[in-house]
Amino acid sequence: MSEKPTIPVKNPVRAWKAEDRVSDLASIEMLNKAATDCVDTCFERLDTQRNQCAFGKNGLCCRLCYMGPCRITPKAPRGVCGADADTIVARNYLREVASGTAAHSDHGRHLVLLLKKVAGGHGGSYRIADEPALRYAARLYNIEENGRTPEAVALDLANLFISEFARQEDPLATLKLAPVRRQGVWKNREIQPSGIDRMVVESLHRTNIGVDHDYKNLLLHAFRTSLADGWGGSRIASIVSDILFGTPSPVRSRANLGVLGAKTVNILVHGHEPALSEMLAIASRDPELLAEARAANVEGITLAGICCTANEILIRHGIPVAGNFLQQELAIITGAVEMLITDVQCCMPSLPDVALAYHTEVVSTNEIAKTIGSAHVPFDEDHAMESAKALIRRAIANYKRRDPAKVAIPSVSQPLVAGFSVAAIKYMLGGTFRASFRPLNDAIIQGRIKGIVGIVGCNNPKTKTDAYINTLTRELIKREVIILKTGCAAIASAKEGMLTPEAALEAAGPGFREVCEAIGIPPVLHMGSCVDNSRLLEAATEVVLEGGLGDDLSEVPAVGVAPEWMSEKAVAIGCYFVASGVDVILGHPFHTGGSEKVTQFLNQDTRELFGASFHVCTDPAEAAEKIMEIINRKRERLGINRKAKRKLYDMKDRRALNV
Ligand code: SF4
Ligand code: MSK
């Protein structure tokens, strides 16, 4: 990135420089423009929230009943009811996991209900876009698919998924997608979740005043609930998305605010659920709407995304990404966004305030997610295409309100390749007839790839945006580790240019680079949105099933990292990774520091229970060391920790790789 920031700061009222808070030039420019335009962002608001409450930070504040709120101190070691620090910290933690699980799983539920409508012939503009994905999913759940219509199969599958939410006693059927040995761990530890809804309700029940006070019991239920997310709601969401919208395969696009058009109507979609954005992706290419846009004196329609809605339409349609979590306000500050459409999750309530300074219309579309100051235009799923077209027409009409004096689109964007579903990875590794993880497993066994690391999660204004994510990614590919990415962490890499195979290969260690070129896979793989963290577990399961790297997820040299996380969803994700046997590195700690016992349970006792635990590394260099230590330990146990001989591949070798 050679461009220099061009927007002068006329009103520098801050005690910090933009370049100390954000990494990419587009964000630096827009943060400076925000000061010029006298617009507050989350970065200023964090300043006003300095000295954040130490009780909250340590999980020691309880407001679960009206005898409180109670705060635990050395002089007041128990709340009015008698709850001590361990109970209070564990209850707060369980509620975070339940909330994260609820968010992902409600997303999954909406998609399942849509699948049922499609199966019943009432899907309106929706259809089964990927019949092989439907039939594959049916086989996973032992649903007869041979000789049956896709609709009949889809109906059975949708009903089964609905029962996953409603199940009262039996364990989730989706748990069976995990390696058999891991299923045994969950059974032995008695943390097999039953119905997804039931797990979340039970979390709230247990944390109601006067119910569960044993911190261990509370934490075990946190892990149980998280499994209902990763091996329940999230996994179901990914499966159904693939059926309804298509299984992602590698697709080229661009990322960062420079994807906005100077002379086009710019529409941003933001949030998580793909049902509306799928329709917008199709409608934005509609010739009639394009003609209407031209009639309004604009050159076209630019649809782009923020956060995970962006990831959903990127991986299936190649729709460009405007930015990740901390760029949602900055996107409006370009002055060039006609409409910002929100669905659910991660949409800041500040958006309408920021939009007041510009012409942007912020439109909420989901009944459960409204914001004062946003226009609320309910998305009519039964007439989805009409809804999508109406929104685009409204955005076109808003173009005339754009004030050229306020427009400054940073000329910063990077090319990328995304869309690495597990099916796509298998295909890349082995082609249609021999699709298999074998070449990847072999490369890990030979030491040409040292291990697998999933780098996931959000940004957080408490640390410089994207900096930890990108530093760690570079360091790990240099150390010959393959990186799987989702969520805003994936967008961080995209903005840095690391999602093009060429750039990533350039930074990769020599042996790793050669093997990536030989087996035809880039070093950094964008696998989708936050719910698609379930794809990371699916990939790890494929590695186990392929053989040679142990028979449980805890044996695979794999680690999960959430460097800049901020959401309760990340807490749930971390828990289901650890419960699945995958160690998790956190860039900053949970709000659990007020209880040594809870902290020890999460960071140590879990190793005994699940074969993995949490680790906190606030520095990316420290994280890289820790990750390599974990990977090498696992390689040692597998007996594969030999130094790989460097080898240049020719065509003969390539054939011998059996790819
Ligand atoms: Fe205080 Fe106990 Fe009520 Fe919590 S549940 S607010 S600790 S009295
Ligand atoms: S959008 S949960 S900020 S990754 Fe999935 Fe990004 Fe985190 Fe939201």
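This dialogue walks through a few features of a predicted model.

Q: What should I know about the numbering and the model before I start?
A: Residues are numbered from 1 along each chain as its sequence is written, and chains are lettered from A, with ligands numbered from 1 in the order in which they are written. Because the model is predicted, local features need pLDDT of at least 70 and side-chain atom pairs count only at pLDDT 80 or more, while totals for chains, interfaces and linings use all residues, and side-chain values use heavy atoms, with hydrogens and water left out.

Q: Is Val80 buried or exposed?
A: Buried means under 20% relative accessible area, exposed over 50%, and partly exposed in between, with a 1.4 Å probe and protein chains only as cover. Val80 has 54% relative accessibility, so Val80 counts as exposed. Val80 lies in the loop between β2 (70-71) and α5 (85-119), where helices (H or I, at least four residues) and strands (E, at least two) are DSSP runs numbered from the N terminus.

Q: How many residues of helix α13 are buried?
A: An α-helix has 3.6 residues a turn, so residues three or four places apart point the same way. In helix α13 (residues 307-317), ten of the eleven residues are buried, which leaves the helix mostly covered. Among the buried residues are Cys307, Glu312 and Arg316.

Q: What follows α13?
A: The residue after α13 is Gly318, and its phi is positive, near 70°.
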